[in-house]
Amino acid sequence: MAAKWAQKTVVIPAQHRGCHLITPKILREIEGDLSGFKCGLAHLFLQHTSASLTINENYDSDVQADTETFLNRIVPEGRSAPWKHTLEGPDDMPAHIKSSMFGCALTIPITDGHLNMGTWQGIWLCEHRDNASSRKIVITLNGV
């Protein structure tokens, strides 16, 4: 079997601040290509520095809310925050820090045309800005 590649950029509409389960949207966008892979890897790359990607709980939305609460407690915002980078607003530098904490890329195994994640795992887009724009995720599939 020869290795093959597929790539698509998925646009996630602007989201309010917080963690959002985007697995269904990602799967809808790539299902045609994904079904052609028996074994491989899906690489997701977020083209932004004030949001992040992570894999976490896909069932109880309290996990998403609690994660946002945690991030807001450990990364200070507002006038008392020590950040020098404030040109794009008081939530921008905290957003950059949160983005670096979770990261902008995920790699997920592909098995028999499906993303091989655990039962309770889902793909999250974590939006760290108060007034964000849409976000782009480049998804690259590689395998046989």
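**Salt bridges, strands and helices**

E29 counts as partly exposed, because its relative accessibility is 26%; partly exposed is the range between buried, under 20% relative accessible area, and exposed, over 50%, for a 1.4 Å probe and protein chains only. The model is a predicted one, in which local features need pLDDT of at least 70 and side-chain atom pairs count only at pLDDT 80 or more, while totals for chains, interfaces and linings use all residues. Residues are numbered from 1 along each chain as its sequence is written, and side-chain values use heavy atoms, with hydrogens and water left out.

The protein chain has 144 residues, of which 41% count as buried. Its C-alpha trace spans about 60 × 30 × 20 Å along the principal axes. The chain contains 3 helices and 8 strands, where helices (H or I, at least four residues) and strands (E, at least two) are DSSP runs numbered from the N terminus. In sequence order the pattern is β-β-α-β-β-α-α-β-β-β-β.

Side chains of opposite charge can pair when their charged atoms come close. A salt bridge here is a side-chain nitrogen of Lys or Arg within 4 Å of a carboxyl oxygen of Asp or Glu, and the whole structure holds 10 of them. One of them joins K8 to E29, with the closest N and O atoms 3.3 Å apart. This pair links distant parts of the chain, since K8 is in strand β1 (residues 4-12) and E29 in helix α1 (residues 23-34), 21 residues apart. K8 is also partly exposed, at 31% relative accessibility.

Next come the strands. Strand β3 (residues 39-46) runs antiparallel to β5, and 7 bridges join the two; strands are said to pair if DSSP finds at least two bridges between them. Within this pairing, G40 has I110 in β5 as its bridge partner, and L44 stands opposite L106. β3 also pairs with strand β8 (residues 135-143), again in the antiparallel sense and over 7 bridges. There L46 faces I137 in β8.

The two faces of these strands can be told apart. In β3, G40, A42, L44 and L46 make up the covered face, and C39, L41, H43 and F45 the uncovered one.

β5 and strand β6 (residues 114-115) run antiparallel and are joined by 2 bridges, with H114 in β6 as the bridge partner of T111. The two strands form a hairpin with 2 residues between them, and D112 in the turn has a positive phi of about 50 degrees. D112 is partly exposed, with a relative accessible area of 47%. The side chain of D112 meets that of K38 in a salt bridge of 2.7 Å, N to O. K38 lies in the loop between α1 and β3 and D112 in the loop between β5 and β6, so this pair ties together parts that are 74 residues apart in sequence.

What span does helix α2 reach? α2 (residues 62-74) has 13 residues and reaches 18 Å from its first C-alpha to its last, close to the 18 Å expected at 1.5 Å a residue; the expected span is 1.5 Å times one less than the number of residues. In α2, Q64, T67, E68 and L71 are buried. They are on the same side of α2 because they cover an arc of only 100 degrees around the axis, the arc being that of the directions from the helix axis to the C-beta atoms. D66 and R73 are exposed on the other side of α2.

A further salt bridge joins the side chains of K98 and E77 (3.5 Å, N to O). K98 lies in helix α3 and E77 in the loop between α2 and α3, so the pair ties together parts that are 21 residues apart in sequence. K98 is buried, with a relative accessible area of 0%, whereas E77 is partly exposed at 28%. Both belong to a network of salt bridges that links R17, E68, E77, K98 and D130.
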